[in-house]
Amino acid sequence: MNLPVRVVKGSWQNWLGRVVLFGGVGLFMFRAMNEWSRSGLGLLTDALIIAIAVTGLNLITGYTGQLSLGHAAFFAIGAFTSAMLVTGKVWSPFFTDNIWTPGWTMPVAAVVCFLVGMVVGIPALRLKGIYLALVTLVFTEAVRALFKYGEFEGVTGGATGIKGFGYLPPSWTGLDGRADLVEWFFWLSLAILVVVSILSAGLLRSRIGRAMVAVRDNETAAAVMGVNLFSIKTLVFGLSGAIAGVAGSLYALKLTLVDADIPIFGLFGSVTLLVALVVGGAAQNWGPFVGAMFYVFVNDFARGVGEAPSDAAILGWFVDSGTKINGLGGVTFGVLLILFARFVPFGAVGTMRMWRSKLVQVVPRVPAVAGVVAGRSSGPLGEEGSGSVDPTPSSIGAVESPGPIDPDRPDSPS
Amino acid sequence: MSGDALLAVTGLTAGYGPVEVLHGLDFTVGEGEIVVILGANGAGKTTTMRAVSGMIPRQGTVEFGGVDISGAKPDAIVRAGVSQVPQGRGTFTDLTVEDNLECGGYTVKGSIAEDLERWYGVFPRLAERRDQKAGSLSGGEQQMLAVARAMMSRPKLLLCDEPSLGLAPLITKELFKVLGNLRDEHGMSLLIVEQNAGMSLALADRAYVLETGSIVATGTGDELLADDTIKEAYLGVVN
Amino acid sequence: MSLFIERLVNGLADGSIYALLALALVVVFRSTGQLNFAQGEIGTLGAFVVSTLTLSGLPVWLSILLAMVVGFVISAGVERVVVRPIEHRNPGAVIVALIGVFLAVNQLVAMFWGVDARGLPNVFPDQADDFVTIFGAPIRVARLGVIGVLIVVLLLLWLMFNKTRIGLAMRAVANNQESSNLVGIRVGTILVVGWGLAGAIGVLAAALLAPSAGLTGTLMLGPFLLASVAAVLGGLDSPVGAVVGGLIIGLTEAFMVGYVDFLGADMLFPVMLVILLVVLLLRPSGLFGSERVERV
């Protein structure tokens with residue numbers, strides 16, 4: 001058998017591969033639900049929620065090349081929107097007693113965040129790279145400050161936040177009546193992640209998706225080719241914000257409280273989302289999921305490194321059980337991040353793709369035009385080179401090449 | 001192929017990542033010679049320059065003044081006496097003209113005051129603008145600055161990467177006169193890669209023709225100027 | 001009036017700290033185009049080193065100098081060991097690595113020095129009666145000292161960049177790495193020195209801040225964020241911009257607390273967002289930043 005094996009997109013082999021992949025993940029989820037402990041399942045649910053938010057971030061940062069450190073703000077806005085609606089803090093004519101059914105607050109959060117996102121997209125027209133990133137970061141902290149503001153306490157809960165709400169499973173799920181909501185939120189998060197991923201993938205296959213990538217690779221060229229930069233940037237910021245808002249809404253309902261001081265609603269959250277995106281693989285369909293899983297579980301593992309609850313834990317080999325070394329967990333996680341960036345620089349999914357393409361390559365049905373996808377397709381997290389030409393794409397996600405590189409037409413300067 | 005040549009290159013192979021651009025080049029530059037490597041877009045001209053200057057990984061042998069510099073780092077190559085005028089000028093746009101020249105003399109131990117005066121003398125327009133930011137100079141002036149900067153390191157061999165690129169014909173003529181002077185009055189050896197066949201071949205003592213990473217022809221400047229295939233391919237002359 | 005002067009000096013003093021940090025960020029950005037996320041934490045680490053050294057008997061100024069050397073080494077090491085190999089493969093992944101360094105250094109501090117707050121002696125006279133009176137306002141000598149340090153640092157940096165060979169090399173590398181290689185500058189060495197310098201400045205900023213803010217692991221978290229905003233405000237490749245930006249932010253903070261009653265200190269970020277947006281929408285590369293012309 002000749003490596004790499006060429007598989008035509010859409011063929012039965014291609015579909016078989018997809019079934020195997022999705023089936024495998026689905027199997028994993030079933031097993032988790034049946035065999036994992038409550039806390040493990042809760043952790044997995046958190047990972048799924050983060051994956052939803054990162055899917056949104058992936059749209060604007062991974063695919064459209066606009067670096068956003070502001071998605072924790074959308075997460076927070078979504079969370080607070082749900083909290084405020086469910087507890088009746090915000091007047092609304094749609095439900096009696098002003099109390100919303102929790103499930104309906106999620107689409108509302110999405111709409112609110114979409115509108116806010118579109119507004120955030122406006123500065124993106126003028127600002128590039130790190131400048132945009134910092135503005136979005138300040139935006140995150142500004143939003144959080146607004147939620148904390150004493151004068152708004154009646155609506156947002158101010159310094160103490162909002163407590164005492166939740167989302168009980170409806171009867172048709174068969175999960176109602178239980179005291180333990182872990183399973184319910186697990187399935188809900190999984191379902192929403194699947195829906196969001198499908199919608200996102202669909203968007204990327206459309207004309208808008210192509211426009212997004214064109215903007216990332218070369219804005220000026222994209223504009224010249226007829227892409228309306230204003231529309232694309234505001235639309236995609238809106239959509240990605242909406243998705244992050246849904247995640248936040250879910251998070252609040254699961255947590256049953258919101259508080260402006262929760263780290264994930266601020267700078268820390270934005271950084272977490274970005275790290276998860278890059279670690280998983282930006283501009284990859286599976287990137288957000290893998291990245292979120294990595295983040296949540298490796299973080300948990302690292303925390304455990306610093307504590308030696310039993311002799312079995314790694315630290316238990318060196319010190320007595322019960323000791324806790326302050327900070328060792330954090331150092332471990334930090335070092336792991338560094339190692340990851342060093343050895344898996346294109347994210348887990350990007351790197352796995354590169355290995356996989358040595359074995360199996362998915363090629364389009366129409367014969368590919370020979371030539372390199374090259375050029376300076378630098379994403380926002382890859383600064384423009386100083387005049388040096390690199391025929392290998394240097395975006396934050398490994399771009400799928402359309403076919404083998406033709407050595408007779410290298411894209412280097414004379 | 002060594003012996004008298006100042007620069008002797010054998011089997012030079014280089015590329016970018018998985019793409020090989022140069023497929024084993026052989027060429028020499030003798031003392032006091034101007035050698036031109038002619039090539040169209042995509043032939044590998046800049047890659048050749050970068051390989052000789054040590055900017056990219058390369059295989060093959062590069063001997064300079066009898067010393068093997070095949071694996072040397074860029075700063076060592078400059079100290080050995082090879083200086084490059086990069087494509088597109090490569091001036092330090094935010095630095096003043098004088099700063100640029102001082103950078104050129106970075107590797108020189110001791111005072112560069114005399115060198116500064118000397119090259120200000122050769123390029124009086126630079127002297128006039130010595131405190132101006134290099135980025136504000138015209139294309140031709142920046143090219144002169146790039147040449148002067150390269151000369152500040154007291155090289156024996158000057159590499160020029162497409163010096164005529166982006167310059168008006170009149171300026172190019174002046175520039176090539178300067179390059180010729182460097183050979184005649186300052187005893188420099190020059191290796192020039194160019195697309196502009198007419199002017200460079202007239203200046204050259206010897207020349208090579210580079211096509212998609214391989215040398216396909218060689219001869220004296222006059223020989224190649226008279227060659228019909230060269231004329232058609234590079235001078236647009238149809239016979 | 002005296003209250004105004006007091007607030008003005010406080011704003012300039014805090015602003016000087018932000019300016020120093022912002023300068024460190026700009027030095028790094030100019031040469032490598034990266035924002036050193038870990039800059040603040042390296043500063044915090046350095047401040048704890050100062051604490052340990054002073055507790056073992058060394059004079060404060062000497063401890064600070066030694067800690068600055070430590071900061072230099074760590075920061076230089078980060079460039080060489082973390083940033084450079086990753087930048088080669090994927091510049092986008094450098095952010096993640098720097099966040100990793102941020103976390104590791106932050107937690108390293110917790111590991112070695114614990115999580116309890118401690119004090120740090122001030123290199124300037126800081127007793128209750130160490131103040132001068134300007135226009136009727138009692139101004140602490142220590143605060144003026146911080147502003148003085150900024151001025152001295154600016155002077156030294158200016159001298160270094162404009163009058164020394166290595167400063168010339170650093171300016172060249174910041175402008176055009178490839179040409180720097182071609183004139184024989186060892187670009188790798190220069191990058192390492194640049195980062196090291198930034199690290200030392202970060203430690204200095206932390207050591208100046210800690211005496212009044214208290215020395216804890218979170219010492220530089222807020223200031224780093226504010227310094228980043230300052231650097232962006234002023235233009236990420238402009239040292240002048242960094243200083244101006246830092247002072248603007250310091251003054252905004254000081255006057256907001258005092259004069260804008262209905263907002264209060266917590267609303268600093270919304271106010272800053274507005275300022276940032278106004279400035280950047282008019283000048284997208286910051287007040288003093290240079291527009292990079294893109295070749296399409």
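This is a predicted model: local features need pLDDT of at least 70, side-chain atom pairs count only at pLDDT 80 or more; totals for chains, interfaces and linings use all residues.
Biologist: How do helix 2 and helix 8 of chain C pack, roughly parallel, roughly perpendicular or oblique?

Modeller: Helix 2 (residues 39–55) of chain C and helix 8 (residues 187–213) of chain C have axes 7 Å apart, and the angle between them is about 60°. Angles of 65 to 115 degrees would count as roughly perpendicular and those under 35 as roughly parallel, so helix 2 of chain C stands to helix 8 of chain C in an arrangement that is oblique.

Biologist: Of the residues in the contact of helix 2 of chain C with helix 8 of chain C, how many are nonpolar, polar and charged?

Modeller: On the side of helix 2 of chain C the residues include C:Ile42, C:Ala47 and C:Val50, and among those they meet in helix 8 of chain C are C:Gly199, C:Gly202 and C:Val203. Gly counts as polar in this classification, and the contact divides into 9 nonpolar, 7 polar and no charged residues.

Biologist: In chain B, which elements give two or more residues to the side of domain 1 that touches domain 2?

Modeller: The domain assignment gives chain B a domain 1 in two segments, 1–81 and 156–239, with domain 2 covering 91–154. The centres of these two domains of chain B, taken over C-alpha atoms, are 23 Å apart, and 10 residues of domain 1 are in contact with 7 of domain 2. By class, the domain 1 side has 7 nonpolar, 1 polar and 2 charged residues. The elements of chain B that give two or more residues to this side are helix 2 (74–80) and helix 7 (169–186).

Conventions:
Residues are numbered from 1 along each chain as its sequence is written. Chains are lettered from A and ligands numbered from 1 in the order in which they are written. Axes are lines fitted to C-alpha atoms, for helices over the stretch in contact, and angles run from 0 to 180 degrees between N-to-C directions. Helices (H or I, at least four residues) and strands (E, at least two) are DSSP runs, numbered from the N terminus. Angles under 35 degrees count as roughly parallel, over 145 as roughly antiparallel, 65 to 115 as roughly perpendicular and the rest as oblique. Two residues are in contact if their C-beta atoms, placed from the backbone, lie within 7 Å. Domain bounds come from an automatic or database domain assignment.
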